[in-house]
Amino acid sequence: MDYILTLLIFLPFVGALLAIGIRENLKAYGIIISLLELCLAFGLWFAFDNNVKGYQFVNAFPLVANFGVSYLVGIDGISLFLVVLSALISFLGFIYLNEKFELKKLVISLLCLEGIMIGVFCALDMILFYVFWELSLVPMLYIIGAWGSGSRIYAAVKFFLYTFLGSLIMLVGILFLAYYYFNISGIWTFSLLDWYEFGAIPKDIQMWLFVAFFCGLAVKVPMFPFHTWLPYAHGQAPTIGSVILAAVLLKMGTYGFVRFSLPLFPDASVALLMPVAILALIMVVYGAMVAFAQEDMKQVIAYSSISHMGVIMIGIFALNVEGIVGSVFFMLSHGIISGALFMLVGVIYERRHTKLMSEFGGLARVMPNYAVIFGIMMMASAGLPLTMGFVGEFLSLLGFFEISPIMTGIAGLSIIAGAIYLLHLYRKSFYGELQNPKNQKLKDLDFRELSALLPLVMIVIWLGVYPKPVLEPINKGVENMFEVLYLHIDLEETREFFKLDILENHLEKEGE
């Protein structure tokens with residue numbers, strides 16, 4: 001198990017390299033490689049020790065020793081399930097994959113993307129993290145541009161430019177932070193573990209660094225007003241591209257806020273709490289309103305995704321254990337639910353080559369299994385209790401209630417609006433008379449589609465009823481993050497702010 005993370009990161013790359021020489025059964029090959037990856041990810045979960053403080057399965061060796069750049073990977077409770085999510089969605093994506101595509105190039109792209117995503121969540125060296133972060137653009141750019149529809153080139157280029165330009169500003173922040181710590185310690189290091197050990201940064205420097213990181217992370221989330229690339233990307237991307245984009249790639253941004261911005265820049269996080277929370281609240285309200293106005297099923301899910309990512313950001317900037325634990329759990333639940341919904345939209349698009357709700361009606365009569373699974377995932381997305389969507393949403397808003405009951409109430413009302421537009425979509429597409437003759441002979445879900453969707457349904461219900469196996473490791477990881485945060489507070493007023501949390505009592509108990 002010592003090198004399991006390295007194996008998880010590089011197995012897909014090796015698989016992609018070997019795929020170059022394979023001519024037949026490429027889908028089966030992709031399923032086998034991603035299944036091996038998923039087994040490793042589950043093995044990682046079972047071997048993870050909730051009682052161990054700090055990072056586990058750490059691998060390290062120098063790359064550019066003179067400048068402190070190293071291959072350094074490790075996970076805690078925060079990143080563990082994002083690794084599992086990446087492996088799960090990749091595996092089910094390969095099962096769902098329609099063989100009408102030019103499979104060799106697509107399989108190679110998907111395998112490379114899987115290794116890159118896992119690398120992002122495991123990297124503890126900032127240069128290594130940034131390399132994986134930027135590399136994630138290349139396969140997704142190719143997937144959208146080569147296999148998308150309509151204005152796919154425009155959507156792919158817009159996706160690339162937005163995320164690449166924001167990331168360049170974040171790179172400036174990374175380099176400046178390394179230079180700042182060099183002046184303090186006398187050594188070059190890009191190790192996040194070293195940065196966590198260093199003392200507090202003055203608040204004025206924290207503010208600039210927070211903004212630099214914000215530019216890169218907010219575009220990836222995507223936060224308002226940097227969100228405009230996402231509806232285009234989802235609208236033109238093939239189904240598999242939309243699934244991975246919504247389920248995993250967007251989580252890189254929210255993960256970055258939890259991993260970097262909060263623990264390293266706590267004074268700036270407190271100072272900018274309300275501006276960021278207001279932008280997140282705009283995401284929630286705006287996403288819900290625009291989703292209700294859409295006629296395209298895929299665009300409804302895309303804007304719904306923006307709205308739910310706003311709830312995740314609200315939970316993160318609650319700056320307490322409940323809110324951040326809820327937001328990390330919500331990253332996982334949103335990934336599973338949104339991934340399933342995009343698959344479901346892809347199912348009907350493959351049969352009718354349209355996603356307009358006006359083209360449907362009465363689908364439940366001819367596709368009952370499809371209607372049941374769509375209904376379960378829709379209600380999970382709306383936050384129905386006893387589904388996975390409720391747990392993270394509730395904890396995120398509960399955490400932010402301590403900051404602003406009014407803003408939490410507005411966010412809660414917008415979630416009710418989310419239930420309204422999802423029910424509107426369901427009523428218009430699945431109920432009523434089956435008037436369109438093109439829909440009368442539609443086939444229900446086949447074995448391939450059921451094999452990809454049923455595991456997601458079971459996970460949504462299982463972790464909605466019994467979320468403890470996931471919440472416990474996440475809670476431990478968040479508590480450890482708060483201890484790092486506490487070391488980087490520069491101002492007494494920030495320290496007073498965090499006394500509202502259970503952190504101080506937790507630290508006192510550990511000291512005793």
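Is Arg448 buried or exposed, and what is its relative accessibility? Some notes on that residue and its surroundings follow.

1. Arg448 counts as buried, because its relative accessibility is 19% and the cut-off for buried is under 20%. Keep in mind while reading that this is a predicted model. The value sits on the buried side of the cut-off, so I'd quote the percentage along with the label.

2. Now for the partners of Arg448. Its side chain meets that of Glu350 in a salt bridge, with 3.2 Å from N to O. Arg448 belongs to helix α21 and Glu350 to helix α16, so this pair ties together parts that lie 98 residues apart in sequence. Arg448 also forms a salt bridge with Glu449, here at 3.4 Å from N to O. The Arg448 and Glu449 side chains are listed as a polar contact too, at 3.4 Å. Put together, Glu350, Arg351, Arg448 and Glu449 are linked in a network of salt bridges. The count of salt bridges comes to eight.

3. Glu449 is worth a look of its own. This residue sits in helix α21, which covers residues 447-465, and it counts as buried because its relative accessibility is 1%. Setting aside residues up to four places away in sequence, Glu449 touches Tyr96, Val347, Glu350, Arg351 and Asp444.

4. Arg351, another member of the network, is placed in helix α16. With 22% relative accessibility, Arg351 counts as partly exposed. Arg351 and Glu449 are 98 residues apart in sequence, and their C-alpha atoms are 13 Å apart in space. Beyond its neighbours within four places in sequence, Arg351 is in contact with Met367, Leu442, Lys443, Asp444, Leu445, Asp446 and Glu449. Asp444 turns up in the contacts of both Arg351 and Glu449.

5. One further salt bridge, between Glu472 and Lys468, has an N to O distance of 3.7 Å. Both residues lie in helix α22 (residues 468-487), four residues apart, which is about one turn of the helix. In general, an α-helix has 3.6 residues a turn, so residues three or four places apart point the same way. Glu472 is partly exposed at 40% relative accessible area, and Lys468 is likewise partly exposed at 44%.

6. On to the nonpolar side of things. The largest nonpolar core has 204 residues, and Trp195 and Phe374 touch the most other members. Helix α16 (residues 321-352) gives the most to this core, with 18 residues. Leaving out residues up to four places away in sequence, Trp195 touches Met126, Ile174, Leu177, Ala178, Tyr181, Thr189, Phe190, Leu264 and His488.

7. Helix α11 (residues 239-249) is mostly covered, with 11 of its 11 residues buried. Among them are Thr239, Gly241, Ser242, Val243 and Leu249.

8. Ile153, Val157, Leu161, Leu165 and Leu168 make up about 420 Å² of it. Leu161 is placed in helix α7, residues 152-185, and counts as partly exposed at 42% relative accessibility.

9. The loop between α15 (297-316) and α16 deserves a check. Asn320 lies there and is buried, with a relative accessible area of 2%. A polar atom of the Asn320 side chain lies 2.8 Å from the backbone nitrogen of Gly323. The Asn320 side chain also reaches the backbone oxygen of Gly399, at 2.8 Å. Leu319 is found in this loop as well; its phi is near 55°, a positive value in a residue other than glycine. Leu319 is buried too, with a relative accessible area of 2%.

10. Asn25 has a positive phi of about 55° although it is not a glycine. Asn25 lies in the loop between α1 (4-19) and α2 (26-47) and is exposed, at 61% relative accessible area. Then there are the cis peptide bonds: one runs from Val221 to Pro222, with omega near -5°, and another joins Phe224 and Pro225, with omega about 5°. Pro222 is in the loop between α9 (203-220) and α10 (229-236), and Pro225 is in the loop between α9 and α10 as well. For context, most residues other than glycine have a negative phi, and most peptide bonds are trans.

Methods
Residues numbered from 1 in each chain as written. Predicted model: local features only at pLDDT ≥ 70, side-chain atom pairs only at ≥ 80, totals over all residues. Heavy atoms only, no water. Core = buried A, V, L, I, M, F, W, Y, C linked by side-chain atoms within 4.5 Å. Buried < 20%, exposed > 50% of the residue type's maximum accessible area, 1.4 Å probe, protein only. Helix = DSSP H or I, 4+ residues; strand = E, 2+ residues; numbered from the N terminus. Contact = heavy atoms within 4.5 Å. Patch = residues over 30% accessible without salt bridge, like charges linked within 9 Å, V, L, I, M, F, W, Y side chains within 5 Å. Areas by Shrake-Rupley, 256 points an atom, 1.4 Å probe, with all protein chains shown as cover. Salt bridge = Lys/Arg side-chain N within 4 Å of Asp/Glu carboxyl O. Polar contact = N/O pair within 3.5 Å; in protein donor to acceptor, adjacent residues only side chain to side chain.
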